[in-house]
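Work through the exercises below with the sequence and the coordinates at hand. Each task is followed by a solution in steps.

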Amino acid sequence: MRLLMIVGVALSIVSCHRSEEPSTVRGKLFMLVSESHLPLIKEEAAQFMTIYDKTKITAVGTTTREAIVALLNDSVRCICVDRKLNEEELNVVQRSGIKLATVRIGRDALVVIVNDENPLRTISLGTVKAILEKSVTTWGKVPGSRMTGRLELVLAGKNSGSYELLQRGFFSLAKEIVPDKIGDTEKQIVGYVAATPGALGIVSLAAVVGHPKGIHTLAVETPDSTLKNEAVIPSQSNVYEELYPLNYSLYLYISEPTLGVGSGFSTFVMTLHGQQ
């Protein structure tokens, strides 16, 4: 089944409230979504409620970690986040006996952004790792850069999905990442990089849909089939086909005791209508 190409949206934790007559198309669903994908989930919810007018879906943005903690604490019954549960979280699920339905609803990617005054257009995975590890802290050490001066790394906080993807997913870093500046939201990160010529940020592709003014995304060099480095731009097609190296999946986790609106909504998202 084709997966949804996620752009310009922020996903949020999903919590299901029981109605008097439990149904997949009747009742209420309160959603907390990973902040960067909330717009998409709100659009999906609006479409779902148009078709099933006896449902009420409320989507609220939060951090990925907070969404998962709420699910594991049984505060919500359904979440939509930008990473898989980690080993610690899976152990909690096993010990508590939580029965989870997992639905992979689409793909997104992390993109490296710089100020428009920065002439850099490509960056290697090795250089990204070195910047995260703080072995590269000035623009003069970035291959291909004609910039000088301090490189200011701007990321979301530790509770974000992007932080965990960088720390443990894509790079398996031995030490915790220490950004020079932490953005409360990806929109804030984009705004800061747009106003700061020496800044480099890493956000979801969803956060830069519509091409915000003042920044541009970098192509990421990755080995091709001949083991030669090829610069791959973070386009929707390259993310969908998993050619762009920093791509990842988006997930709905549902723990409803009986089939409810959360289950109905997840099914809708995977239909042709929902994927469009």
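Buried means under 20% relative accessible area, exposed over 50%, and partly exposed in between (1.4 Å probe, protein chains only). Helices (H or I, at least four residues) and strands (E, at least two) are DSSP runs, numbered from the N terminus. The model is predicted, so local features need pLDDT of at least 70 and side-chain atom pairs count only at pLDDT 80 or more, while totals for chains, interfaces and linings use all residues. Residues are numbered from 1 along each chain as its sequence is written, and side-chain values use heavy atoms, with hydrogens and water left out.

**Exercise 1. Strand β8**

Determine how many residues of strand β8 (residues 152-156) are buried, and find its partner strands.

Step 1. Count the buried residues. 5 of the 5 residues of β8 are buried, so the strand is largely enclosed by the rest of the structure.

Step 2. Sort them by face. Glu152, Val154 and Ala156 lie on one side and Leu153 and Leu155 on the other; all are buried, and both faces of β8 are therefore covered.

Step 3. Look for pairing, which requires that DSSP finds at least two bridges between two strands. β8 pairs with β10 in the parallel sense over 3 bridges, and Leu153 has Leu200 in β10 as its bridge partner. β8 also pairs in the parallel sense with strand β9 (residues 181-183), over 3 bridges. In β9, Ile182 stands opposite Leu155.

Step 4. From β8 the chain crosses through helix α5 (residues 161-170) to β9, a right-handed β-α-β crossover. Right-handed here means that, with the strands pointing away from the viewer, the path from the first strand over the helix to the second runs clockwise.

**Exercise 2. An open sheet**

In what order do the 3 strands of the open sheet containing β7 stand?

Step 1. Read the order. The open sheet runs β7-β12-β13, with mixed pairing.

Step 2. Find the edges. β7 (122-124) and β13 (229-232) each have a single partner strand, so one side of each is left without a neighbour in the sheet.

Step 3. From one strand to the next, the twist averages 35°. Axes are lines fitted to C-alpha atoms, for helices over the stretch in contact, and angles run from 0 to 180 degrees between N-to-C directions.

Step 4. Inspect one pair. β7 and strand β12 (residues 219-223) run parallel and are joined by 3 bridges; Ser124 has Glu221 in β12 as its bridge partner.

Step 5. Helix α4 (residues 125-133) lies across β7 and β12 and runs at about 75° to β7.

**Exercise 3. Asp108**

Decide whether Asp108 is buried or exposed, and list polar contacts of its side chain.

Step 1. Asp108 lies in strand β6 (residues 101-115).

Step 2. Apply the cut-off. Asp108 has 0% relative accessibility and therefore counts as buried.

Step 3. Search for polar contacts, which are pairs of N or O atoms within 3.5 Å; within protein, one must be able to donate a hydrogen and the other to accept it, and residues adjacent in sequence count only if both atoms are side-chain atoms. The side chain of Asp108 contacts the side chain of His37 at 2.5 Å. The backbone nitrogen of Leu205 is reached by the Asp108 side chain at 3.4 Å.

**Exercise 4. Cysteines**

How many disulfides does the whole structure hold?

Step 1. State the test: a disulfide is a pair of cysteine sulfur atoms within 2.5 Å.

Step 2. Apply it. The search finds 0 disulfides. For Cys80, the closest cysteine sulfur is that of Cys78 at 8.2 Å, too far for a bond.

Step 3. Check accessibility. Cys78 is buried with a relative accessible area of 1%, and Cys80 is buried at 0%.

**Exercise 5. Positive phi**

Find where His211 and Glu242 lie, and give their phi values.

Step 1. Recall the background. Most residues other than glycine have a negative phi.

Step 2. Take His211. Its phi is near 55°, and His211 lies in the loop between β10 (199-204) and β11 (215-217). With a relative accessible area of 72%, His211 is exposed.

Step 3. Take Glu242. Its phi is positive, about 60°, in the loop between α7 (236-240) and β14 (247-254). At 46% relative accessibility, Glu242 is partly exposed.

Key. Contact = heavy atoms within 4.5 Å.
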